[in-house]
Amino acid sequence: PEKIIIDTDPGIDDAMAIFFAMASPKLEILGLTTTFGNVSVDMATDNALRLVEMSGHDIPVARGVAKPMVQKGLPFPDFVHGKDGFGNVNLPAPKGEAIEPSAAEFIVQMVLENPHEVTLVAIGPLGNLALALQLEPKIASLVKNVVIMGGTVLEGGNMSPVAEANIVGDPHAADKVFTADWHVHMVGLDVTHKVVMSDQVQANIRDKNPMCGEFLYKAGRFYSDFYKASRGADGCYVHDSSAIAYVIDPSLFGVEVGPVRVATEGVALGQTILKRTGYDYAFDHWENISDSSVCMSVNAEAVMDLYESTM
Ligand code: BDR
Ligand code: CA
């Protein structure tokens, strides 16, 4: 199986994605690294520990960054994920603790110990990846893949008309990640808004899944209610699990390849700007920037089938 580290801010759809990855025979989770985002980093760390304990797996959790690199932290979106990050189901405190190394240190250590074998899957703001690159720039050439859930090119944002939450949560970190000397695979709103998880699928998973089914179903009610009320969706959008699906089977997605920059100030704060091919521009903020693969289309039915059958 493919070795992955999930960098996460759990978060209801993060919980779905983590259980999806745990259930997949194609993936081996080396660790969960946590960041602020949907909730504070302390709560994200406790929530990651809760998920690991619920699963019965033995997976280390490393605590990461508590705030953005430069800008002030944004308010936590409790109207999307609840005050506890899990739709106000209020799970008991975790028994275990985070490991000693920080998230960034853990990422560096794992990549150096497993050269060309580790895929980083980031499903929250990107501070830990930016910090890991700063601690040890060599990781850029030693990771296997970098897959992030975040950003938007043509779809438009969910935090502003142009900005997606994980990117605008720490735009400076995101720009560092996109401009580093590695190839980022971006699974953003252009595809995640096309993958919708119905109530029926969530009920099927609850019925088949004694371990995490009831929890995911309860938290999923809060999450789906938000997307139904605010977007008129027929269930919830599948953000973070789409990134996991991409790692398992990238052929389910269509990508456009090119360099991406992130706007770090002004009205476009957090916009992910892909230099699309076939144009000549007067400005070149994209010169000598490594290419990313940006997901622009998706076989949504196949992604949902993969999720449901794996779970
Ligand atoms: C992203 O923001 C968070 O609300 C979700 O967990 C996901 O990672 C979607 O914009
Ligand atoms: Ca997330």
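Q: How many strands form the open sheet, and in what order?
A: Strands of a sheet pair through backbone hydrogen bonds, in either the parallel or the antiparallel sense. Here eight strands form an open sheet, ordered 3-2-1-4-5-6-12-9, with mixed pairing. Strands (E, at least two residues) and helices (H or I, at least four) are DSSP runs numbered from the N terminus, and two strands pair if DSSP finds at least two bridges between them. The model is predicted: local features need pLDDT of at least 70, side-chain atom pairs count only at pLDDT 80 or more, and totals for chains, interfaces and linings use all residues. Residues are numbered from 1 along each chain as its sequence is written, while chains are lettered from A and ligands numbered from 1 in the order in which they are written.

Q: Which strands are the edge strands?
A: Strand 3 (61-62) and strand 9 (253-258) each pair on one side only. Strand 9 pairs with strand 12 (residues 292-298) in the antiparallel sense, over six bridges. Gly-254 has Ser-297 in strand 12 as its bridge partner.

Q: Which residues are closest to ligand 1?
A: A residue is near a molecule if its C-beta atom, placed from the backbone, lies within 6 Å of it. Ligand 1 is surrounded by 14 residues, and the closest are Gly-11, Asp-13, Ala-165, His-239 and Asp-240.

Q: How much of residues 4-304 is helix and how much is strand?
A: The span is 38% helix and 17% strand, and its end C-alpha atoms lie 21 Å apart.
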